[in-house]
Amino acid sequence: RRSVRTGTGVADVLPDASAETWGVLYEIDRAARRRLDAKEGLGWAYDELCVTVEDGTGESHEAATYIVKRKEPRDIEPSGAYMDEILRAARARRLPAPYLKRLELLATRRSAWQP
């Protein structure tokens with residue numbers, strides 16, 4: 001989807017049985033969750049999806065993730081600053097090297113996006 005603030009593309013999680021999405025699992029209280037939902041635009045920009053995730057020890061957890069509510073017919077290129085922040089966070093959290101390489105490829109391949 002297109003960010004209402006920047007006009008550039010923002011992240012989404014899409015179903016793909018052959019792919020993995022890595023990230024960080026947080027436990028937050030209700031007040032923090034309400035603030036996060038408001039910031040992310042839950043209900044108008046994103047919907048919540050309950051997913052089963054596996055932690056670093058192989059243990060499964062139920063977690064909430066945000067998915068774009070109304071997807072654009074074509075991918076929208078994210079800003080360089082947005083991709084830099086995603087990469088910075090992924091590196092800081094020591095996500096697996098192959099996943100980092102995929103993110104880096106997306107960040108550098110302008111032709112990967114269909115403006």
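Among contacts in the chain between residues at least 6 apart in sequence, what percentage join residues at least 24 apart? The share is 55%, where a contact means heavy atoms within 4.5 Å. The structure is a predicted model, in which local features need pLDDT of at least 70 and side-chain atom pairs count only at pLDDT 80 or more, while totals for chains, interfaces and linings use all residues. Residues are numbered from 1 along each chain as its sequence is written, and side-chain values use heavy atoms, with hydrogens and water left out.

**Overall fold and surface**

- The chain has three helices and two strands, and from the N terminus on these elements follow the order α-β-β-α-α; helices (H or I, at least four residues) and strands (E, at least two) are DSSP runs, numbered from the N terminus.
- The radius of gyration of the chain is 15 Å, which agrees with the value near 13 Å that a compact globule of 115 residues would have; the radius is taken over C-alpha atoms, and the globule rule is 2.2 Å times the number of residues to the power 0.38.
- Taken along the principal axes, the box filled by the C-alpha atoms of the chain is roughly 35 × 35 × 25 Å.
- Of the 115 residues in the chain, 21% are buried, where buried means under 20% relative accessible area, exposed means over 50%, and partly exposed lies in between (1.4 Å probe, protein chains only).
- Carbon and sulfur atoms hold 52% of the accessible surface of the chain, which comes to about 8,800 Å²; accessible areas come from the Shrake-Rupley method with a 1.4 Å probe, and for residues only the protein chains shown count as cover.
- The chain carries 20 positive and 19 negative side chains, and the centres of the two sets lie 7 Å apart; Lys and Arg count as positive and Asp and Glu as negative, whereas His and the chain ends are not counted, and each charge is placed at NZ of Lys, CZ of Arg, CG of Asp or CD of Glu.

- Serine 3 sits in the segment before helix H1 (30-40), and serine 3 counts as buried because its relative accessibility is 12%.
- A polar atom of the serine 3 side chain lies 3.1 Å from the backbone nitrogen of arginine 5, and the side chain of serine 3 also reaches the backbone nitrogen of threonine 6 at 3.1 Å; a polar contact is a pair of N or O atoms within 3.5 Å, and within protein one must be able to donate a hydrogen and the other to accept it, with residues adjacent in sequence counting only if both atoms are side-chain atoms.
- Leaving aside residues up to four places away in sequence, serine 3 touches Thr8 and Val10.

**Helix H1 and tyrosine 66**

- Aspartate 29 caps the N-terminal end of H1, with a side-chain oxygen 3.2 Å from the backbone nitrogen of alanine 31, and H1 is followed by glycine 41, whose phi is positive, near 80 degrees.
- Tyrosine 66 belongs to strand E2 (residues 60-68) and counts as buried, because its relative accessibility is 17%.
- The side chains of tyrosine 66 and aspartate 37 are joined by a polar contact of 2.5 Å, while the C-alpha atoms of these residues, 29 residues apart along the chain, are separated by 9.0 Å.
- Not counting residues up to four places away in sequence, tyrosine 66 has several contacts, among them Arg33, Leu36, Asp37 and Tyr46.

- Glycine 80 lies in helix H2 (residues 80-92) and, at 41% relative accessibility, counts as partly exposed.
- Arginine 94 is placed in the loop between H2 and helix H3 (97-108), is exposed at 75% relative accessibility, and has a positive phi of about 55 degrees although it is not a glycine.
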